[in-house]
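Trainee: I would like to learn how to read this model. Please take me through its features one at a time.

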Amino acid sequence: MKTLAVLSQKGGVGKSTIARLMATAYAGVGWRVKLADFHTKQLANVGWARLRMAAGVQPKVPAEAFANVRKALTQQTQYDLMVFDGKPNFDSVTLEIARESDMILVPAGVTLDDLEPQVKFAHELLSRGVERADILFVLNKTLDSAASVADAKGYVEAAGYRCAATDLPHKTGYQLAQNGGRAINESQYPSLNERADALAQEIIDRFTELAETKK
Ligand SMILES: Nc1ncnc2c1ncn2[C@@H]1O[C@H](COP(=O)(O)OP(=O)(O)O)[C@@H](O)[C@H]1O
Ligand SMILES: [Mg+2]
(Lines give C-alpha, C1' and ligand atoms only; values in the text may rest on other atoms or scores of the structure.)
(Ligands and ions follow the chains in the order given, each with its own letter.)
Protein backbone atom coordinates (compact mmCIF):
# COMPACT_ATOMS: atom_id res chain seq x y z
CA MET A 1 0.00 0.00 0.00
CA LYS A 2 1.11 3.54 -0.76
CA THR A 3 0.66 6.54 1.48
CA LEU A 4 0.19 10.16 0.47
CA ALA A 5 -0.14 12.87 3.13
CA VAL A 6 -1.37 16.44 3.04
CA LEU A 7 0.12 18.30 5.99
CA SER A 8 0.61 21.84 7.16
CA GLN A 9 1.36 24.13 10.03
CA LYS A 10 -1.65 26.28 9.25
CA GLY A 11 -5.32 25.41 9.13
CA GLY A 12 -7.62 26.43 6.29
CA VAL A 13 -4.92 26.18 3.62
CA GLY A 14 -6.55 23.41 1.60
CA LYS A 15 -5.39 20.15 3.14
CA SER A 16 -8.80 18.50 2.99
CA THR A 17 -9.49 19.98 -0.43
CA ILE A 18 -6.32 18.50 -1.90
CA ALA A 19 -6.66 15.22 0.01
CA ARG A 20 -10.13 14.73 -1.51
CA LEU A 21 -8.87 15.60 -4.97
CA MET A 22 -6.12 13.00 -4.76
CA ALA A 23 -8.32 10.35 -3.17
CA THR A 24 -10.93 10.66 -5.94
CA ALA A 25 -8.26 10.88 -8.66
CA TYR A 26 -6.73 7.56 -7.64
CA ALA A 27 -10.10 5.94 -6.95
CA GLY A 28 -11.14 7.06 -10.44
CA VAL A 29 -8.41 4.93 -12.01
CA GLY A 30 -9.36 1.89 -9.99
CA TRP A 31 -7.15 2.13 -6.94
CA ARG A 32 -8.69 1.04 -3.64
CA VAL A 33 -8.39 4.28 -1.70
CA LYS A 34 -9.08 5.29 1.89
CA LEU A 35 -9.24 8.91 2.95
CA ALA A 36 -7.87 8.96 6.48
CA ASP A 37 -8.80 11.98 8.55
CA PHE A 38 -6.59 12.92 11.48
CA HIS A 39 -8.30 16.16 12.33
CA THR A 40 -10.43 14.32 14.82
CA LYS A 41 -12.03 17.50 16.15
CA GLN A 42 -13.55 18.32 12.79
CA LEU A 43 -14.03 15.09 10.84
CA ALA A 44 -14.60 17.16 7.73
CA ASN A 45 -13.86 14.29 5.38
CA VAL A 46 -16.20 11.90 7.07
CA GLY A 47 -19.02 14.41 6.56
CA TRP A 48 -17.90 15.03 2.98
CA ALA A 49 -17.79 11.30 2.18
CA ARG A 50 -21.28 10.96 3.61
CA LEU A 51 -22.54 13.79 1.37
CA ARG A 52 -20.81 12.16 -1.57
CA MET A 53 -22.47 8.84 -0.89
CA ALA A 54 -25.90 10.50 -0.45
CA ALA A 55 -25.49 12.31 -3.77
CA GLY A 56 -24.41 9.06 -5.46
CA VAL A 57 -21.17 10.56 -6.77
CA GLN A 58 -18.75 8.07 -8.34
CA PRO A 59 -16.09 6.92 -7.63
CA LYS A 60 -16.94 6.14 -4.04
CA VAL A 61 -14.29 7.23 -1.56
CA PRO A 62 -14.52 5.86 1.95
CA ALA A 63 -13.31 8.19 4.69
CA GLU A 64 -12.60 7.45 8.31
CA ALA A 65 -11.15 9.31 11.26
CA PHE A 66 -8.11 7.95 13.04
CA ALA A 67 -6.44 9.19 16.20
CA ASN A 68 -3.05 7.99 14.97
CA VAL A 69 -1.30 6.42 12.01
CA ARG A 70 -0.81 3.04 13.63
CA LYS A 71 -4.60 2.62 13.75
CA ALA A 72 -4.98 3.64 10.12
CA LEU A 73 -2.25 1.23 9.04
CA THR A 74 -4.08 -1.75 10.52
CA GLN A 75 -6.20 -1.49 7.33
CA GLN A 76 -3.27 -1.42 4.94
CA THR A 77 -3.98 -4.78 3.34
CA GLN A 78 -7.42 -3.56 2.25
CA TYR A 79 -6.21 -0.58 0.22
CA ASP A 80 -3.80 0.40 -2.53
CA LEU A 81 -3.51 3.94 -1.22
CA MET A 82 -4.25 5.81 1.96
CA VAL A 83 -4.50 9.57 1.71
CA PHE A 84 -3.67 11.07 5.08
CA ASP A 85 -5.39 14.38 5.74
CA GLY A 86 -3.45 15.84 8.65
CA LYS A 87 -4.33 18.25 11.37
CA PRO A 88 -2.85 21.70 11.70
CA ASN A 89 0.25 22.21 13.83
CA PHE A 90 3.32 20.18 14.31
CA ASP A 91 2.71 17.46 16.85
CA SER A 92 3.58 13.82 17.36
CA VAL A 93 0.71 12.65 15.16
CA THR A 94 1.80 14.95 12.34
CA LEU A 95 5.35 13.68 12.60
CA GLU A 96 4.16 10.08 12.61
CA ILE A 97 2.05 10.73 9.50
CA ALA A 98 4.99 12.40 7.77
CA ARG A 99 7.33 9.52 8.56
CA GLU A 100 4.87 6.92 7.27
CA SER A 101 4.13 8.76 4.04
CA ASP A 102 5.67 8.11 0.65
CA MET A 103 5.02 11.73 -0.29
CA ILE A 104 3.90 14.84 1.59
CA LEU A 105 1.93 17.66 0.02
CA VAL A 106 2.11 21.02 1.77
CA PRO A 107 -0.55 23.48 0.63
CA ALA A 108 0.20 27.17 1.04
CA GLY A 109 -1.21 30.54 0.08
CA VAL A 110 0.89 33.04 -1.81
CA THR A 111 1.40 35.65 0.89
CA LEU A 112 4.46 35.70 3.08
CA ASP A 113 2.18 35.27 6.10
CA ASP A 114 1.08 31.96 4.61
CA LEU A 115 4.35 30.81 3.12
CA GLU A 116 6.69 31.47 6.00
CA PRO A 117 5.05 29.13 8.54
CA GLN A 118 4.65 26.43 5.90
CA VAL A 119 8.32 26.59 4.95
CA LYS A 120 9.29 26.49 8.63
CA PHE A 121 7.02 23.49 9.01
CA ALA A 122 8.77 21.73 6.12
CA HIS A 123 12.18 22.55 7.66
CA GLU A 124 10.94 21.00 10.90
CA LEU A 125 9.95 17.84 9.04
CA LEU A 126 13.43 17.63 7.53
CA SER A 127 15.05 18.07 10.92
CA ARG A 128 13.03 15.07 12.09
CA GLY A 129 14.27 12.83 9.32
CA VAL A 130 11.76 13.37 6.52
CA GLU A 131 13.33 13.39 3.05
CA ARG A 132 13.31 16.71 1.24
CA ALA A 133 12.45 14.99 -2.05
CA ASP A 134 9.23 13.64 -0.53
CA ILE A 135 7.81 17.11 0.04
CA LEU A 136 5.84 18.99 -2.61
CA PHE A 137 4.35 22.43 -2.01
CA VAL A 138 1.04 23.29 -3.68
CA LEU A 139 -0.05 26.91 -3.99
CA ASN A 140 -3.74 27.25 -3.22
CA LYS A 141 -6.30 30.04 -3.15
CA THR A 142 -4.36 32.07 -5.64
CA LEU A 143 -5.87 35.26 -7.07
CA ASP A 144 -5.47 36.86 -10.45
CA SER A 145 -1.88 38.01 -10.15
CA ALA A 146 0.50 35.76 -12.06
CA ALA A 147 3.38 37.76 -10.56
CA SER A 148 2.37 36.93 -7.00
CA VAL A 149 2.11 33.24 -7.89
CA ALA A 150 5.54 33.34 -9.51
CA ASP A 151 6.97 35.11 -6.44
CA ALA A 152 5.48 32.49 -4.15
CA LYS A 153 6.95 29.66 -6.23
CA GLY A 154 10.29 31.42 -6.14
CA TYR A 155 10.07 31.67 -2.35
CA VAL A 156 9.33 27.96 -1.96
CA GLU A 157 12.10 26.96 -4.35
CA ALA A 158 14.63 29.32 -2.76
CA ALA A 159 13.82 27.59 0.53
CA GLY A 160 14.85 24.32 -1.12
CA TYR A 161 11.50 22.71 -1.89
CA ARG A 162 9.64 21.64 -4.99
CA CYS A 163 6.49 23.55 -5.82
CA ALA A 164 3.78 22.21 -8.12
CA ALA A 165 3.72 24.18 -11.38
CA THR A 166 -0.10 24.20 -11.29
CA ASP A 167 -1.59 26.43 -8.61
CA LEU A 168 -5.21 26.31 -7.49
CA PRO A 169 -7.20 29.51 -7.87
CA HIS A 170 -9.57 30.67 -5.16
CA LYS A 171 -12.98 29.91 -6.65
CA THR A 172 -16.52 29.70 -5.37
CA GLY A 173 -17.03 26.80 -7.78
CA TYR A 174 -14.54 24.75 -5.77
CA GLN A 175 -16.46 25.47 -2.58
CA LEU A 176 -19.79 24.54 -4.15
CA ALA A 177 -18.36 21.30 -5.45
CA GLN A 178 -17.14 20.29 -2.02
CA ASN A 179 -20.41 21.34 -0.39
CA GLY A 180 -22.03 18.73 -2.63
CA GLY A 181 -19.65 15.89 -1.74
CA ARG A 182 -17.59 16.38 -4.86
CA ALA A 183 -13.89 16.91 -5.33
CA ILE A 184 -12.63 20.11 -6.96
CA ASN A 185 -12.18 18.38 -10.34
CA GLU A 186 -15.86 17.42 -10.23
CA SER A 187 -17.31 20.93 -10.10
CA GLN A 188 -19.89 22.36 -12.49
CA TYR A 189 -17.22 24.36 -14.26
CA PRO A 190 -15.08 22.65 -16.93
CA SER A 191 -12.27 25.20 -16.67
CA LEU A 192 -12.01 24.72 -12.91
CA ASN A 193 -12.07 20.95 -13.32
CA GLU A 194 -9.34 21.15 -15.92
CA ARG A 195 -7.13 23.13 -13.58
CA ALA A 196 -7.71 20.73 -10.68
CA ASP A 197 -7.08 17.76 -12.97
CA ALA A 198 -3.81 19.31 -14.11
CA LEU A 199 -2.71 19.61 -10.48
CA ALA A 200 -3.81 16.05 -9.69
CA GLN A 201 -1.90 14.73 -12.71
CA GLU A 202 1.21 16.62 -11.71
CA ILE A 203 1.02 15.12 -8.22
CA ILE A 204 0.40 11.63 -9.63
CA ASP A 205 3.42 11.98 -11.93
CA ARG A 206 5.66 13.07 -9.08
CA PHE A 207 4.33 10.32 -6.83
CA THR A 208 5.09 7.72 -9.53
CA GLU A 209 8.54 9.19 -10.11
CA LEU A 210 9.35 9.07 -6.37
CA ALA A 211 8.14 5.48 -6.11
CA GLU A 212 10.44 4.52 -8.98
CA THR A 213 13.48 6.20 -7.49
CA LYS A 214 12.86 4.38 -4.19
CA LYS A 215 12.68 0.93 -5.75
N1 LIG B 1 -8.99 26.90 -4.13
C2 LIG B 1 -10.02 27.14 -3.32
N3 LIG B 1 -11.03 27.96 -3.71
C4 LIG B 1 -12.06 28.24 -2.91
N5 LIG B 1 -12.20 27.75 -1.67
C6 LIG B 1 -11.23 26.93 -1.21
C7 LIG B 1 -10.11 26.57 -2.00
N8 LIG B 1 -9.34 25.73 -1.28
C9 LIG B 1 -9.96 25.56 -0.09
N10 LIG B 1 -11.09 26.29 -0.05
C11 LIG B 1 -12.03 26.41 1.08
O12 LIG B 1 -11.30 26.91 2.19
C13 LIG B 1 -11.69 26.25 3.37
C14 LIG B 1 -10.49 25.55 3.99
O15 LIG B 1 -10.05 24.55 3.08
P16 LIG B 1 -9.71 23.09 3.60
O17 LIG B 1 -9.36 22.27 2.43
O18 LIG B 1 -10.79 22.60 4.50
O19 LIG B 1 -8.40 23.42 4.45
P20 LIG B 1 -7.73 22.60 5.66
O21 LIG B 1 -8.14 21.19 5.54
O22 LIG B 1 -6.26 22.85 5.45
O23 LIG B 1 -8.21 23.26 6.92
C24 LIG B 1 -12.81 25.29 2.99
O25 LIG B 1 -14.04 25.95 3.20
C26 LIG B 1 -12.58 25.06 1.50
O27 LIG B 1 -13.77 24.77 0.81
MG1 LIG C 1 -9.14 19.96 6.86
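Trainee: Which residues come nearest to ligand 1?

Mentor: A residue is near a molecule if its C-beta atom, placed from the backbone, lies within 6 Å of it. Of the 17 residues around ligand 1, the nearest are Gly14, Lys15, Ser16, Thr17 and Tyr174. Before we go on, note that this is a predicted model, in which local features need pLDDT of at least 70 and side-chain atom pairs count only at pLDDT 80 or more, while totals for chains, interfaces and linings use all residues. Residues are numbered from 1 along each chain as its sequence is written, and chains are lettered from A and ligands numbered from 1 in the order in which they are written.

Trainee: Which elements give two or more residues to the shell around ligand 1?

Mentor: Elements are DSSP runs numbered from the N terminus, with helices (H or I) of at least four residues and strands (E) of at least two. Here they are helix H1 (15–28), strand S6 (135–142) and helix H7 (172–179).

Trainee: How do the residues of the shell divide into nonpolar, polar and charged?

Mentor: Ala, Val, Leu, Ile, Met, Phe, Trp, Tyr, Cys and Pro count as nonpolar, Asp, Glu, Lys and Arg as charged, and the others, Gly among them, as polar. The shell around ligand 1 has 4 nonpolar, 10 polar and 3 charged residues.

Trainee: Which residues of H7 are buried?

Mentor: A residue is buried if 20 or more other C-beta atoms lie within 10 Å of its own, exposed if 12 or fewer, and partly exposed in between, with C-beta atoms placed from the backbone. In H7 the buried ones are Tyr174, Ala177 and Gln178. They cover an arc (taken from the directions from the helix axis to the C-beta atoms) of only 95°, so they are on the same side of H7. Thr172 and Asn179, on the other side, are exposed.

Trainee: What do the buried residues of H7 pack against?

Mentor: Two residues are in contact if their C-beta atoms, placed from the backbone, lie within 7 Å. The buried residues of H7 pack against H1, H2 and helix H8 (190–214).

Trainee: How many residues has the largest nonpolar core?

Mentor: A nonpolar core is a set of buried Ala, Val, Leu, Ile, Met, Phe, Trp, Tyr and Cys residues joined through C-beta atoms within 7 Å. The largest one has 63 residues, and Met22, Val83, Leu105 and Phe137 have the most contacts inside it. H1 gives the largest share of this core, 8 residues. Leaving aside neighbours within four places in sequence, Phe137 is in contact with residues including Val106, Val156 and Tyr161.

Trainee: Which strands pair with S1?

Mentor: Two strands pair if DSSP finds at least two bridges between them. S1 runs parallel to S4, joined by 5 bridges, and parallel to S5, joined by 3 bridges. Leucine 4 has valine 83 as its bridge partner in S4 and methionine 103 as its partner in S5. Because 4 of the 5 residues of S1 are buried, S1 is largely enclosed by the rest of the structure.

Trainee: How many bridges pair S5 with S6?

Mentor: S5 and S6 pair over 5 bridges, in the parallel sense. The partner of valine 106 in S6 is phenylalanine 137. With 7 of its 8 residues buried, S6 is also largely enclosed by the rest of the structure.

Trainee: What is the phi of lysine 141?

Mentor: Phi of lysine 141 is near 60°, a positive value in a residue other than glycine. Lysine 141 lies in strand S6 and counts as buried because it has 20 C-beta neighbours inside 10 Å. Asparagine 89, also a residue other than glycine, has a positive phi near 85°. Asparagine 89 is in the loop between S4 and H4, and with 13 C-beta neighbours inside 10 Å it counts as partly exposed.

Trainee: Where is valine 61?

Mentor: Valine 61 is in the loop between helix H2 (44–55) and strand S3 (63–65). It has 24 C-beta neighbours inside 10 Å and therefore counts as buried. Its C-alpha atom is separated by 6.5 Å from that of lysine 34, 27 residues apart along the chain. Proline 59 is also in the loop between H2 and S3, and a cis peptide bond with omega of about -5° joins glutamine 58 to proline 59.
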